[in-house]
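User: I am new to this structure and would like a short tour. Could you take me through it?

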Amino acid sequence: MTDAEYKVEKARVQKYLDKWFKTMGLGWFKVNMEWSREHEGETAARTYSSWQYKQATITWFLPHMAKYDDETIETTVVHELVHVLLSGIAQNMVDDDETLSNQINEYTTELVTSALLWTREAGRDDQRKAVADLKRSVAKARNKTAK
Ligand SMILES: [Zn+2]
């Protein structure tokens, strides 16, 4: 990965971190971002957390993120930030079958990620409707005044 590619891919991820980090209430967390120029298998990002200290490190594997369109990058960013929020629960799931607890952790993280993305989109639709309603009301009031 060249310096120019690294800069572009880092900026693509950072754009969605800026959009979601504080919105998700992570302003009180210390989250260190690591930007990797290397591949690590099929891993796009990895989150380690010391939840009891509200600290985490997210490693972004930029060569992998470079394959993603913007929507997938946004979903991946929200997914990793949800891992930070849920890390206290995830690290304390006691289970004889580590695979099962990992699957439950990923499944729960995906559900919360989808809920956040849908909620934000629904809020945007509500705002559009409110603006349209307001414009209609103003137009109606102007028509009445004009008559
Ligand atoms: Zn995950």
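**The nonpolar core**

Analyst: This is a predicted model. Its largest nonpolar core has 15 residues, and the members touching the most others are Val13, Ala45, Trp60, Phe61, Met65, Val77 and Leu81.

User: What is Trp60 in contact with, leaving aside neighbours within four places in sequence?

Analyst: Trp60 is then in contact with Val13, Met33, Glu34, Trp35, Ser36, Ala45 and Met65.

User: Back to H3. At what angle do H3 and H4 pack?

Analyst: H3 and helix H4 (residues 98-146) pack at about 125°, and their axes are 9 Å apart. H3 is therefore oblique to H4. Their crossing is right-handed.

User: Which residues meet there?

Analyst: From H3 they are Thr75, Val78, His79, Val82, His83, Leu86 and Ala90; from H4 they are Asn105, Thr108, Thr109, Glu110, Val112, Thr113, Leu116 and Leu117. By class, this contact of H3 with H4 has 7 nonpolar, 7 polar and 1 charged residues.

User: New topic: where is Met24 found?

Analyst: Met24 lies in the loop between helix H1 (3-20) and strand E1 (30-36).

User: Why does Met24 count as partly exposed?

Analyst: Met24 counts as partly exposed because it has 17 C-beta neighbours inside 10 Å, whereas a buried residue needs 20 or more.

User: And what does Met24 contact beyond four places in sequence?

Analyst: Met24 is in contact with Leu81, Leu85 and Leu116, leaving aside its neighbours within four places in sequence.

Definitions and conventions:
Residues numbered from 1 in each chain as written. Predicted model: local features only at pLDDT ≥ 70, side-chain atom pairs only at ≥ 80, totals over all residues. Core = buried A, V, L, I, M, F, W, Y, C linked by C-beta atoms within 7 Å. Buried ≥ 20, exposed ≤ 12 C-beta atoms within 10 Å, placed from the backbone. Contact = placed C-beta atoms within 7 Å. Axes fitted to C-alpha atoms, helices over the stretch in contact; angles between N-to-C directions. Helix = DSSP H or I, 4+ residues; strand = E, 2+ residues; numbered from the N terminus. Parallel < 35°, antiparallel > 145°, perpendicular 65-115°, else oblique. Left-handed = near helix turned anticlockwise from the far one by under 90°. Nonpolar A, V, L, I, M, F, W, Y, C, P; charged D, E, K, R; others polar.
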